[in-house]
Amino acid sequence: MHRRRRGPIILLVGLLLAVVAACGGGGDEGGAQAADKVEVFSWWDGPGEKEGLEALIAYFKRDNPTTEFINAAVAGGAGGNARTVLSSRLAAGDPPDSYQTHLGLEQTADIQAGKVEDLTAMYQQNGWRDKFPASILEAGTIGGKIYSVPLTIHRSNVLWFNPRTVKSAGITKPPTTWSQFLTVAAKLKAKNVIPLSIGPSWTQKHLLENVLLGELGPEKYTGLWNGKTSWRGADVRAAVTMFDKVLAMSDVDSVGGDWQSALDKMITGDAAYTVMGDWADAYLGRAKSLKFKVDYDAVVSPGTSGVFNFLSDTFTLPKGAPHRAAAEKWLAACASLEGQEALAVKKGSLPARIDTDKSKYHDYLATALAAWQDPATVVVGSMTHGVVVDTAQSAEVDTALAAFEEKGDAGALVEALASIFE
Ligand code: GAL
């Protein structure tokens, strides 16, 4: 299947302007006494995520009222746009005081390039080690050291849907396998409903990881990224073919905007389902004031019952941070229970800490917390959101997917992915 390639030119110009603006803004802290301010870099600038960041900033400001807070968020692309700006700033020796990244291998390039400080001693001084699950500390420990403070837990494998739309197409139960999905998708298509709404390239990558997870199961899925599962095996080829079929049931040829736009089509009933991380809950339930179970609903993506495909947003201390003392205070706010809870309920995330008060989480979030805390849940790491692959591999997956989008050759996609991970 040939798919239309959307022009990246506008985005590129926007990013270049942002890089120039960001580079031009730094470097005024030459004096011995750094001003009392903190510049925090993230990608939480869109509806459904900026509200969470604002809640955390308010908490930070409450304890640090004289510190000027510079919110250097760059919206979009699940961090892709921010990452472009950030890389230029780090290369130019113009780091912010703290920046968002994902817990896991996404951090390795910056660690190897000596761009971030080792926070192991800070964990010891503040007693943070006891506050996070062992699995999170393990995912954040690279070469025996820990370089960031985990703030959130998100679930990647969620199928969101419009209950009215699926009901009116005669669908009584959400699909629990991808082949069941194809059956209900045919029904929806017959009623002129888009079975699956999708967004820009990164959301297709997000779909890919969850089709692979659903088709292969957690063990083989994890093996894809650590070399234990052969990409050229018949089961993986079949899973990639399934991805192709699922994508063919989407509106991939006419996407625009970011992840929120994919949800918009589901809200209006133009589309029935979408696969997105559970930050979608903040957009639907808070930004759009929709009612869980009435206006929107969620189940685990097909084939992933009992599995939690996790990712975690985490904040760093870059080497040469111009306002180091304030940056440490920001990291302390990120590590605090109150800060994590303030952000979580607004952003549709769970706190990375273990000691949250369950009564604060309702509707979708209560189900996510129960799954996360259930010892029987099998936890795997997200590829798209940096847990199990590094930035270089992630960029190669983007290239492979762009070629697939252009030519629609599932066999070539398998070969391209095999050559990255084997
Ligand atoms: C993810 C991030 C989430 C959410 C999402 C969409 O990478 O971890 O917190 O912001 O991108 O922007």
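The shell around the ligand holds six nonpolar, three polar and three charged residues. Here Ala, Val, Leu, Ile, Met, Phe, Trp, Tyr, Cys and Pro count as nonpolar, Asp, Glu, Lys and Arg as charged, and the others, Gly among them, as polar. This is a predicted model: local features need pLDDT of at least 70, side-chain atom pairs pLDDT 80 or more, while totals for chains, interfaces and linings use all residues. Numbering runs from 1 along each chain as its sequence is written, and side-chain values use heavy atoms, without hydrogens or water.

Who is in that shell? Among them are Trp 43, Trp 44, Trp 259 and Trp 279, with a heavy atom within 4 Å of the ligand as the criterion.

Now the polar contacts, meaning N or O pairs within 3.5 Å. Glu 49 puts a side-chain N or O atom 2.5 Å from a ligand oxygen. For Lys 347, the distance from a polar side-chain atom to a ligand oxygen is 2.7 Å. For His 102 it is 2.8 Å. The ligand alone exposes 300 Å², and the protein buries 100% of that, by Shrake-Rupley with a 1.4 Å probe.

Next, the second largest pocket. A pocket is an open set of points on a 1 Å grid over the protein atoms alone, with protein on both sides within 12 Å along at least five of seven lines; lining residues have an atom within 4 Å of a point. Its lining has 16 residues, and Ala 139, Phe 310, Gly 381, Val 387 and Val 388 lie nearest the centre. That lining divides into nine nonpolar, six polar and one charged.

Definitions and conventions: Polar contact = N/O pair within 3.5 Å; in protein donor to acceptor, adjacent residues only side chain to side chain. 1 Å grid on protein atoms, 1.4 Å probe; cavity = no way out; pocket = protein on both sides within 12 Å on 5 of 7 lines; lining within 4 Å.
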